[in-house]
Amino acid sequence: MKLLLTSASLLGYLSLSTPAVAGTSADFLLHLCDSDDERSLFACSAYISGATEMFVVYQRDAGLSGAGGYCPPHTLGSDEVEKIWREELSAMPAILKSDAALTLFLSLAGAYPCPEAPER
């Protein structure tokens with residue numbers, strides 16, 4: 001449930017702070033990532049890198065780090081993020097029409113969940 005709330009908050013934040021990012025669908029980003037054009041491939045990598053960094057900053061600033069969040073390794077690169085994201089898209093092709101940043105976040109939150117906080 002916390003992941004769902006975090007995701008909804010993230011999507012709202014994206015739509016207010018970065019309209020160009022929030023308007024990109026997963027299928028459009030996939031089209032860029034599958035292109036033979038160097039500029040499209042750069043745009044794919046830049047989008048993924050920027051979105052990944054934004055998730056970390058957003059969670060920190062919103063105080064949402066912890067259980068249900070996204071806790072990536074420090075060495076996570078855009079190629080690995082793209083691979084994880086593509087696996088999620090393959091498993092759930094219905095999300096291709098969804099917001100690309102949200103699908104990236106959900107795939108990464110599933111792959112790198114934050115550990116549960118100990119009970120007090």
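Start with the aromatic rings: the structure holds one aromatic pair. Rings of Phe, Tyr and Trp (its six-membered ring) pair when their centres lie within 6.5 Å; planes under 30 degrees apart count as stacked, over 60 as edge-to-face and the rest as tilted.

Select F55 and F105. Their rings are edge-to-face, 5.3 Å centre to centre with 75° between the planes. F55 sits in helix α4 and F105 in helix α6 (residues 100-111), so the pair ties together parts that are 50 residues apart in sequence. F55 is buried, at 0% relative accessible area. F105 also counts as buried, at 1% relative accessibility. Buried means under 20% relative accessible area, exposed over 50%, and partly exposed in between (1.4 Å probe, protein chains only).

A word on what is on screen. This is a predicted model: local features need pLDDT of at least 70, side-chain atom pairs count only at pLDDT 80 or more, and totals for chains, interfaces and linings use all residues. Residues are numbered from 1 along each chain as its sequence is written, and side-chain values use heavy atoms, with hydrogens and water left out.

Zoom out and colour by secondary structure. The protein has six helices and zero strands. Helices (H or I, at least four residues) and strands (E, at least two) are DSSP runs, numbered from the N terminus. Buried residues make up 38% of the 120 residues.

Next, show α3 and α4. Their axes come within 7 Å and cross at roughly 130°. That makes α3 oblique to α4. Axes are lines fitted to C-alpha atoms, for helices over the stretch in contact, and angles run from 0 to 180 degrees between N-to-C directions. Under 35 degrees counts as roughly parallel, over 145 as roughly antiparallel, 65 to 115 as roughly perpendicular and the rest as oblique.

Display the side chains there. L29, L32 and C33 in α3 meet S40, L41, A43, C44, Y47 and I48 in α4. Contact means heavy atoms within 4.5 Å. By class, this contact has eight nonpolar, one polar and no charged residues. Ala, Val, Leu, Ile, Met, Phe, Trp, Tyr, Cys and Pro count as nonpolar, Asp, Glu, Lys and Arg as charged, and the others, Gly among them, as polar.

Last stop: D34. Find D34 in the loop between α3 (26-33) and α4 (38-62). D34 is partly exposed, with a relative accessible area of 48%. Its side chain makes a polar contact with the side chain of R86 (2.5 Å). A polar contact is a pair of N or O atoms within 3.5 Å; within protein, one must be able to donate a hydrogen and the other to accept it, and residues adjacent in sequence count only if both atoms are side-chain atoms.
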